[in-house]
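Here are my notes on the two-chain model you sent over.

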Amino acid sequence: MTDLTVNICGTDLKNPVIAASGTFGFGREFSEYFSLSRLGGISSKGLTLNRREGNTGIRIYETTGGLLNSIGLQNPGIDEFIENELPFMEQQGTVIMANVGGNTIDEYIKAVDKLNETNIDIIELNISCPNVKKGGMAFGIKAETAYKVVSEVRQICKKPLIVKLSPNAEDIVHMAESCVKAGADGLSLVNTFSGMAIDIKSRKPIFDNIIAGLSGPGIKPIALRMVYQVSKAVDVPILGIGGIMDYKDVVEFIMVGAWAIQVGSGNFKNPKVTLDIIEGLKEFMIEEGIKSLEEIRGII
Amino acid sequence: MKEGYREVIVYSNKQIASNIYEMKVVSDKDELRFEGKSGQFYMVRGWESLDPYLSRPISICNIEEDRLTFLYEVRGKGTHLISTLESGHSLEILGPLGNGFNINIKGNIALVSGGIGIAPMIYLAKSLHANVDFYCGFRNEIYYIDEIEENVENIFISTEDDSKGYNGFITEILKPEQYDVIFTCGPLPMMKRVVEMCKGKVRVYASMESRIACGIGACLGCTIETKSGIKRICKEGPVFYGEEVLFND
């Protein structure tokens, strides 16, 4: 019997495939294409304490092997999420991660405090969104700053706490160690890489915010390297993210130490890509005689 | 459940003006017919590799029984690759997506297009059961007019180089007060002008364009500002009530 299940911070996932924050909304759009119960889990669109309208100007710009985005954390805010989106997510029969961003430690704490009272399974603390001026990523660059926000959130957080790391951190391993020391139950990595693009005719940046976040298959080798390094340094579950397009990418991430993975930009190429990945992974495990993911986890 | 990307076969794909192509696709499954309203679009992918990464949104130009027509302009690598597909080749499409035009409107209707904005007007003119006039502006070369002729009363043409019809912009010859409703698709400045001309007098519905990543409303990459907040072009649109849209320059 092939076992795709994995336990992340006390929560059982039926398989290691999670839809990544910011690429899957709250699942509604994708539920028109397949039953979300097939997924290991869904990480919600990045939530902030208060509603955010997001960034102006161009928000998506294609690159070779991926795309830059500057959405700017457009989201309905925690209260509206709890009232209008969470009831839908709860009915889907999959694990719910609430991805939480913020500009200040106080905002993170207030948002997490509200989520404490809900049925969400896991909180994914986003200290790494590059698209919000002065916020988010400021916490994801220096390990000391990250330590402070994670440890303060940890004190009030009643849910399993996963911290989503930025690849733009000064030192990804030191960052990971600091977050675990501060009380993170798990880590997800990586968020998007800071990038930019220029309109050479108008001689202006493509994005109003100038700097945007790069994702897609082009970043996979770097993400894989970072998961490899971090998995050697910490003992908590790691969710690998970065340009995953098919089951082979998933196997690579698991072999370098990821417990589960998240699919982000892949959802844009094909709304049913997660299903293809789950099926492909299962077939691969049968072919290779792999009975559980644990057998291949971190073998590199 | 909606179907995801599905394979279709190129029936024909030909250049009809500079950078403008008409592609007809058929299904490889006999029982499968194409669905969609005018103003809706499909995400189109005609290559195996991950470069270009994203599929291309192309509006429905026409649906005839088992045949779906796309009229598209080659603007970059993706549309160029689509233009190279020969008859018999396969490609993947996802759709129909978006809301489309309301075709149940009666009365005197004007369709106003600029350039490749003519594409959704073909199927729109065919779908409407009303008195329809068609205003189409082109920069220089005119194309595809004969495809709409039988479904409209009058056709007004403008070119910017005086090669055919009125010399100037199409908005300069549009008389909004003659109509109950106007549907428009084309460059942003043109649609903005149409909405301004009709403000408080005639209802305008505009089909908006944007870079689109997922096409299904998840990524929030194709949003526009409206009087009632941020809206997704691929989901709440691409057709919006003109006076709702905040046309930013």
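1. Start with the kink in helix 2 of chain A: the helix bends by about 40 degrees at A:N84, shortly before the proline A:P87. The bend at a residue is the angle between axes fitted to the seven residues ending there and the seven starting there. Helices here are DSSP runs of H or I with at least four residues, strands are runs of E with at least two, and both are numbered from the N terminus. This is a predicted model, so local features need pLDDT of at least 70 and side-chain atom pairs count only at pLDDT 80 or more, while totals for chains, interfaces and linings use all residues. Residues are numbered from 1 along each chain as its sequence is written, with chains lettered from A and ligands numbered from 1 in the order in which they are written.

2. Helix 2 covers residues 78-90 of chain A, 13 residues, yet its end C-alpha atoms are only 16 Å apart, short of the 18 Å a straight helix would reach at 1.5 Å a residue. The expected span is 1.5 Å times one less than the number of residues.

3. Which residues of helix 2 of chain A are buried? They are A:I78, A:F81, A:E85, A:L86 and A:M89. Buried is meant as 20 or more other C-beta atoms within 10 Å of the residue's own, exposed as 12 or fewer, and partly exposed as anything in between, with C-beta atoms placed from the backbone. An α-helix has 3.6 residues a turn, so residues three or four places apart point the same way. The cover over these buried residues includes strand 4 (41-43), strand 7 (95-100) and helix 3 (105-116) of chain A. Contact, here and below, means that the C-beta atoms of two residues, placed from the backbone, lie within 7 Å.

4. Chain A as a whole: 10 helices and 16 strands. Its radius of gyration is 18 Å, close to the 19 Å that the globule rule gives for 300 residues, so chain A is as compact as a globular protein of that length. For the record, the radius is taken over C-alpha atoms and the rule is 2.2 Å times the number of residues to the power 0.38. The C-alpha atoms fill a box of roughly 55 × 45 × 40 Å along the principal axes, and 57% of the 300 residues are buried. Of the contacts in chain A between residues at least 6 apart in sequence, 72% join residues at least 24 apart.

5. Chain B has three helices and 16 strands. With a radius of gyration of 17 Å, close to the globule rule's 18 Å for 249 residues, chain B is as compact as a globular protein of that length. Its C-alpha trace spans about 50 × 40 × 35 Å along the principal axes. Buried residues account for 48% of the 249 in chain B, and 56% of its contacts between residues at least 6 apart in sequence join residues at least 24 apart.

6. Where the chains meet, chain B supplies 20 residues and chain A 29. The chain B side has 13 nonpolar, four polar and three charged residues. In this scheme Ala, Val, Leu, Ile, Met, Phe, Trp, Tyr, Cys and Pro are nonpolar, Asp, Glu, Lys and Arg are charged, and the others, Gly among them, are polar.

7. A stretch of parallel pairing in chain B deserves a look. Strand 9 (residues 131-138) and strand 10 (residues 154-159) of chain B pair in the parallel sense over six bridges, with B:D133 bridging to B:N154. Strand 10 also runs parallel to strand 11 (residues 166-167) of chain B, joined by two bridges; B:T159 has B:N167 as its partner there. Pairing requires at least two DSSP bridges between the strands.

8. B:Y135 sits in strand 9 of chain B and counts as buried, with 26 C-beta neighbours inside 10 Å. Leaving out residues up to four places away in sequence, B:Y135 touches B:A110, B:L111, B:V112, B:F156, B:I170 and B:L174.

9. Last, the backbone geometry. Most residues other than glycine have a negative phi, and most peptide bonds are trans. The bond from B:D51 to B:P52 is cis, with omega near 5 degrees, and B:P52 is in the loop between strand 3 (41-45) and strand 4 (56-59) of chain B. A:R203 has a positive phi of about 60 degrees and is exposed, with 7 other C-beta atoms within 10 Å.
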